Amino acid sequence: MTAVYTAPGKTESVRTRTARGKWWIVGIALVLILMGMIAATSRPSDYRDLSTGNLGDTGTHALAQILRDQGVTLQQYGRLASVYVEDPATTTLVIADAGYLSDAQVASLLAYTGDIVFIGAGDAVVDGLDAGIAVVYDFLPETVEAACADPDATAAERMRVEYTGLKITGESTATMCFPNRSDVAGMAVISTPDGTRTIVTNPAVFENGGLLNDGNAALALRTTGHHENVAWYLSSWDDPTLFGAPGEPHDVSLTPDFLPPGFGTALYALALAALVGALWKGRRFGPLAVEPLPVVVRASEATRGRARLYRRARAHGRATAALRASTARRIGARLGVPRTTDREGMVAAIERATGRPATEIARILYGPPPTSEAAMIDIVDTLDELEREVH
């Protein structure tokens with residue numbers, strides 16, 4: 001009976017399985033990080049506060065849509081110099097986030113011969129209007145009644161006054177509405193020969209998230225919907241331009257936003273994908289190999305290795321000098337020539353042993369270095385022949 005022995009197959013070690021599992025964990029973690037970044041950076045294309053294109057709570061898309069449904073033409077602008085008003089008599093100029101306006105911008109706006117609605121209050125706006133009122137900060141937010149004769153405020157009935165309000169500081173022609181217990185008003189209406197200037201201090205009155213609160217909807221629609229056209233300027237801190245005269249052509253933007261929405265997110269995703277690919281397919285170094293010291297290398301291996309280095313470096317002269325020196329050392333030992341013997345002494349000893357001319361021996365052992373590999377091989381053959389002649 002013959003027993004057949006089958007060798008056990010090669011099994012993975014625990015370390016190998018652990019290393020493979022570690023890369024899977026790293027890959028899953030990177031994918032989760034990628035998904036988290038995409039979720040964190042994904043946002044609507046228009047997220048600016050009080051923007052008519054913003055669908056979020058702080059946007060004014062709902063108000064703009066209602067105005068359009070009622071036949072009002074609304075156009076939003078991001079630069080004050082680009083605001084185009086063809087006929088001020090039929091256009092309400094809305095300044096959203098008026099607190100960003102500079103003194104020069106307010107001065108250019110006050111020349112406008114039409115109605116202006118300022119959303120938010122700033123010192124530059126109030127000082128420029130010169131209506132005997134000032135911006136004050138009250139830390140008692142309160143929902144209050146209109147308490148004035150302005151028809152828009154009366155229709156709205158109620159409004160919430162937040163931390164910023166308006167207060168009369170002297171002789172004033174402004175109609176103050178929605179005063180709180182500190183006599184701080186949430187709205188001021190100033191009639192001028194050029195048109196009505198209305199200031200509403202609480203931006204939430206116009207926002208999507210606050211439009212249904214109190215009388216916000218009525219107040220927002222009435223103050224901005226007096227005319228058939230609305231020019232909605234979204235003020236910002238990085239717009240230093242001034243308002244031009246009505247009827248002038250649009251200002252050309254020098255920095256158009258030519259990148260599509262989501263470009264930044266896509267760029268991050270591609271960078272992370274490249275990183276994951278590099279970690280997956282990239283060359284990885286294994287653990288360090290521990291080699292017992294000292295390392296014994298055979299002389300033949302060392303000689304061949306040195307010869308390869310000389311050949312790779314085309315060091316024909318250095319290799320030939322080493323071969324000449326070793327040949328002279330062996331011949332000198334064979335002839336009993338002391339190591340301290342100079343060149344002439346060595347040549348004379350070899351001349352006596354071989355009968356060759358001294359000039360030929362000197363050329364073989366101490367001649368000029370070769371300039372090519374073929375010349376080096378000729379010298380090596382001559383050295384071998386000379387060494388064989390020495391007995």
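In this predicted model, the axes of helix 9 (residues 316-335) and helix 12 (residues 373-389) come within 10 Å and cross at roughly 0 degrees. Because angles under 35 degrees count as roughly parallel, helix 9 and helix 12 are described as roughly parallel to each other. On the side of helix 9, the residues that meet helix 12 include His 316, Ala 319, Leu 323, Thr 327 and Ile 331, while the residues of helix 12 that take part include Met 376, Ile 379, Val 380, Leu 383 and Leu 386. Sorted by class, the contact of helix 9 with helix 12 has eight nonpolar, three polar and five charged residues; among those taking part are Arg 324, Arg 330 and Arg 334 in helix 9, and Glu 373 and Glu 387 in helix 12.

Which residues of helix 11 are buried? They are Ile 361, Ile 364 and Leu 365, and, seen down the axis of helix 11, the buried residues fall within an arc of 85 degrees, so they line one face of the helix. An α-helix has 3.6 residues a turn, so residues three or four places apart point the same way.

The nonpolar cores come next. The largest nonpolar core has 31 residues, and those with the most contacts inside it include Val 83, Leu 93, Ile 95, Phe 118 and Ile 199. Among the elements that give two or more residues to this core are strand 2 (91-96), helix 3 (103-109), strand 3 (115-119) and strand 11 (229-234), but the largest share, four residues, comes from helix 4. Leaving aside its neighbours within four places in sequence, Ile 95 is in contact with residues including Leu 101, Leu 109, Phe 118 and Tyr 233. A second, separate core of 30 residues includes Leu 67, Cys 177, Phe 178 and Trp 232. In soluble globular proteins, nonpolar side chains tend to be buried together.

Asp 183 has a relative accessible area of 52%, and because exposed means over 50%, Asp 183 counts as exposed.

Technical notes. Residues numbered from 1 in each chain as written. Predicted model: local features only at pLDDT ≥ 70, side-chain atom pairs only at ≥ 80, totals over all residues. Heavy atoms only, no water. Buried < 20%, exposed > 50% of the residue type's maximum accessible area, 1.4 Å probe, protein only. Core = buried A, V, L, I, M, F, W, Y, C linked by side-chain atoms within 4.5 Å. Contact = heavy atoms within 4.5 Å. Axes fitted to C-alpha atoms, helices over the stretch in contact; angles between N-to-C directions. Parallel < 35°, antiparallel > 145°, perpendicular 65-115°, else oblique. Nonpolar A, V, L, I, M, F, W, Y, C, P; charged D, E, K, R; others polar. Arc of directions from axis to C-beta.
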